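The structure to be read alongside the text is shown here.

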Amino acid sequence: MKDEEPWVLDDPGKLKALAHPMRRAMLRHLGLHGPATSTTLGSLLDAKTGTTSYHLRQLEKYGFIEEIPERSAGRERWWRKAETGDIRLPHPAQLAPEDRPVLAEFHRIGLEEDKGILLELLPAAYQADPAWVKVSRGLGRMTLSELEAFFEEYMLLLKKYSRRAADAPQEARPLHLRLLAVPADLSTPEA
């Protein structure tokens, strides 16, 4: 991961680019499996090449993917996920009121993905290879400044232990990692 400052998605265009299920599926595929063409992604996502090409151009426009010129020839363009590093979401107050629904949609789509990718696959993944599955549920009490410090240290750990696919040892596997911190007094029943 890059050692740069966090990239805050306070541009509504960037948020809209990521608040689309097909674009998110494309990014996920490029991140997990490496470079692909619009044709490859179209067949995987059951979409026409024109549709995937459009979505790829939107992702490129905002810096989430990049073309691989040395692999591209003629009309065939190869794409890879850009090394974006630490991407952060804006506070809703950083967005104009008319752009806040895009942030809400971004969160909704992300939670739907997490339910399908992580939560539904977790039991089978644990059964298949328990050494590679780690789950922690806990209840902590922190001040807002302590929560912010905890999150920053978590991000530093991700940067310390994560590698680009090209730099990872052969035995490294891609892992879905999530940190969810939600006030327990908003949930029911008592945790």
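A pocket is here an open set of points on a 1 Å grid where a 1.4 Å probe fits, with protein on both sides within 12 Å along at least five of seven lines. The model described is predicted.

**The second largest pocket**

About 180 Å³ of space lies in the second largest pocket. Two or more lining residues are given by each of helix H3 (38-45) and helix H4 (49-61), and H4 supplies the largest share, four residues. Among the lining residues are Thr37, Ser38, Thr49, Arg57, Arg75 and Arg77. By class, the lining divides as follows.

| Class of lining residue | Number of residues |
|---|---|
| Nonpolar | two residues |
| Polar | five residues |

Thr37, one of the lining residues, stands opposite tryptophan 78 in E4. Strands E2 and E4 run antiparallel and are joined by two bridges. The open sheet consists of three strands in the order E2-E4-E3, with antiparallel pairing. Because strand E2 (36-37) and E3 each have a single partner strand, they stand at the edges, and one side of each is left without a neighbour in the sheet.

**Serine 72**

The loop between strand E3 (65-67) and strand E4 (78-81) contains serine 72. This serine 72 counts as buried because its relative accessibility is 16%, under the 20% limit. Its side chain reaches the backbone oxygen of isoleucine 68 at 3.0 Å. Beyond its neighbours within four places in sequence, serine 72 is in contact with Glu67, Arg77 and Trp78. Of these, Arg77 also lines the second largest pocket.

Technical notes: Residues are numbered from 1 along each chain as its sequence is written. This is a predicted model: local features need pLDDT of at least 70, side-chain atom pairs count only at pLDDT 80 or more; totals for chains, interfaces and linings use all residues. Side-chain values use heavy atoms; hydrogens and water are left out. On a 1 Å grid over the protein atoms alone, a cavity is a set of points where a 1.4 Å probe fits but cannot get out, and a pocket is an open set with protein on both sides within 12 Å along at least five of seven lines; lining residues have an atom within 4 Å of a point. Grid points are joined across faces, edges and corners, and a volume is the space filled by probe spheres set on the points. Ala, Val, Leu, Ile, Met, Phe, Trp, Tyr, Cys and Pro count as nonpolar, Asp, Glu, Lys and Arg as charged, and the others, Gly among them, as polar. Buried means under 20% relative accessible area, exposed over 50%, partly exposed in between (1.4 Å probe, protein chains only). A polar contact is a pair of N or O atoms within 3.5 Å; within protein, one must be able to donate a hydrogen and the other to accept it, and residues adjacent in sequence count only if both atoms are side-chain atoms. Contact means heavy atoms within 4.5 Å. Two strands pair if DSSP finds at least two bridges between them.
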